[in-house]
Amino acid sequence: MFAHINHMAIISNQYPFLQKYYQSVFGLETSGRNDFESASVVSDGNLGLNIIPRRDGYVGGLDHFGMVVDSIEAVEDRMSGAYEGAGCVKRPAIRPFAAYSGHDPDGNVFDLAEKGSKNLRDVYSEGVENAANCTFNRFAIRTPHAERCAEFYSEVFELQLSNRKEGDPNFHLTDGTMTLSIMPWSVSIFAGMSIKRPGPDHIGFKVKDMDAFKAEEKRIGEKNTFLASRRLGGSEESEVRRELFASNALGSYQTADPDGTWIDVVQA
Amino acid sequence: MFARLNHIAICTDHYAINAKFYEALFGLKTAKNPRPARAVVVSDGYVGMNIIPRREGRTSGLDHFGLEVEDLAEARSRIHKFDPSIKLLKRPPVRPFAAYSAHDPDTNIFDLSEKKMQKDIYSEEREETVCKFSHFALRTRHAERCAEFYTEVFELNLINKNSDDPNYYLSDGRMTLAILQWDMDDYYGMDPQRLGPDHIGFKVESIEALKENLEDLTGQNPLMRSRPLGFGDEGKARLSLFQSVPLNSYHLTDIEGVYIGASEE
């Protein structure tokens, strides 16, 4: 494939703690060369999740994703003029992943690096094994012009549109391993709850044994309550939120990390 | 004025202590009948700020603002006339402020209400505090179009600005809505910030007194600390972008990093 999604980022007020959650519950591995002054990184061997300390002026939560491409020059050529509102900017050299940051026609931000480039460091250049058999499989965005954005990722990055189930309003694009889901945003879908702004919505994992995963998630949360997943549902409004998430999920089980970032889990 | 900006909302991982920070540093007052499980609401006597616990699936940070209008039906009609694709959503009656939620052409979200519909802090007669909210700033891709929207629909007045300033400032006679131009090129030296609310502003009697109060507050209670700004190359780049907005003479954050600009009366 011309591009593959190999990076996601969460911004958190408790970033080292969140790293422990993903390590323990999903069995993700850290880099051997963790930079303790910067973000915590975990990986499933294919994709790295940067858990970034929340800096002044930023919002906490699921923040962006990143792709490695065969040629950044080709990306710039394809974007140029064809997609009004899309663009990219070169990044400082210290980033372990991103050479460029770009955004789609709706302003959803992504990082870009070129295969084999010097920017790929840490877990992005290491072969990290995943012992727990949990792997990332999805990054979902909710955005006002979903069809237009799906065209953008399909034409610029050659991500392949997957067949949709009848009645599914979302667009699912794959790099062969990861799925980028583009879901339509409209204020009307938030009836009965607070409005969520457009942007990253949730991440997904594939697990080999769903029952074993749930049992392990429960055991860890009871042993160390700081590592307990957030409960979904309960009050009237949180039930509405839970139902919205479930209705757009591809997996059979939905949970949330200790910060509240939604996680969709699918049986392999 | 047809509309006034009198509601701000922050979603936070530490809603109770963040509310204490605003009470302690800016002297804001809480509602007479609080609902501690839902949110903490603090007010300067004109603007109410809901400090909401971050719920699952949501982000933390400055979240939205709200407008009280003279005639809700007229506001809805004007929104439709400006852009028929913009939808409004009626809200559950439990909300103390909002009757409807809507968005501008760039999907920046705001709540809408009429005076008679408001509850709690928004319906109480309150004394004004010494420190007062002065502005709500959002950073968006089509700043000019959004400024037109708030001017035409809500009759907010455009304030004069320098010819080289890419931002727009609109006033309800007291509060300013700052529409800042989002540009990817601004983020060379730092992580790109997502579109949406950027910072809030306060008018204070004395910046020097505010700085002294902040230092004293942090000494008394180390949990109530503002984030250090301007350290390291990226910190400098972030602060520089914040400082480029000409409404603020002093820059700080709340305990979770939400930008606060302050200026003297």
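Guide: Domain bounds here come from an automatic or database domain assignment, and the model itself is predicted. For chain A that assignment gives domain 1 (3-124) and domain 2 (134-267).

Visitor: How do you know that domain 1 of chain A and domain 2 of chain A are in contact?

Guide: Residues count as in contact if their C-beta atoms, placed from the backbone, lie within 7 Å. By that test 35 residues of domain 1 of chain A touch 34 residues of domain 2 of chain A. The centres of the two domains, taken over C-alpha atoms, are 18 Å apart.

Visitor: What makes up the side of domain 1 of chain A that touches domain 2 of chain A?

Guide: Strand 1 (3-12), helix 1 (15-26), strand 5 (61-69) and helix 2 (72-79) of chain A each give two or more residues. By class, that side has 19 nonpolar, ten polar and six charged residues.

Visitor: Which residues of helix 2 of chain B meet helix 3 of chain B?

Guide: B:A75, B:R78, B:I79 and B:F82 do, and they meet B:F149, B:E152 and B:V153 in helix 3 of chain B. That contact has five nonpolar, no polar and two charged residues.

Key. Residues are numbered from 1 along each chain as its sequence is written. Chains are lettered from A and ligands numbered from 1 in the order in which they are written. This is a predicted model: local features need pLDDT of at least 70, side-chain atom pairs count only at pLDDT 80 or more; totals for chains, interfaces and linings use all residues. Two residues are in contact if their C-beta atoms, placed from the backbone, lie within 7 Å. Helices (H or I, at least four residues) and strands (E, at least two) are DSSP runs, numbered from the N terminus. Ala, Val, Leu, Ile, Met, Phe, Trp, Tyr, Cys and Pro count as nonpolar, Asp, Glu, Lys and Arg as charged, and the others, Gly among them, as polar.
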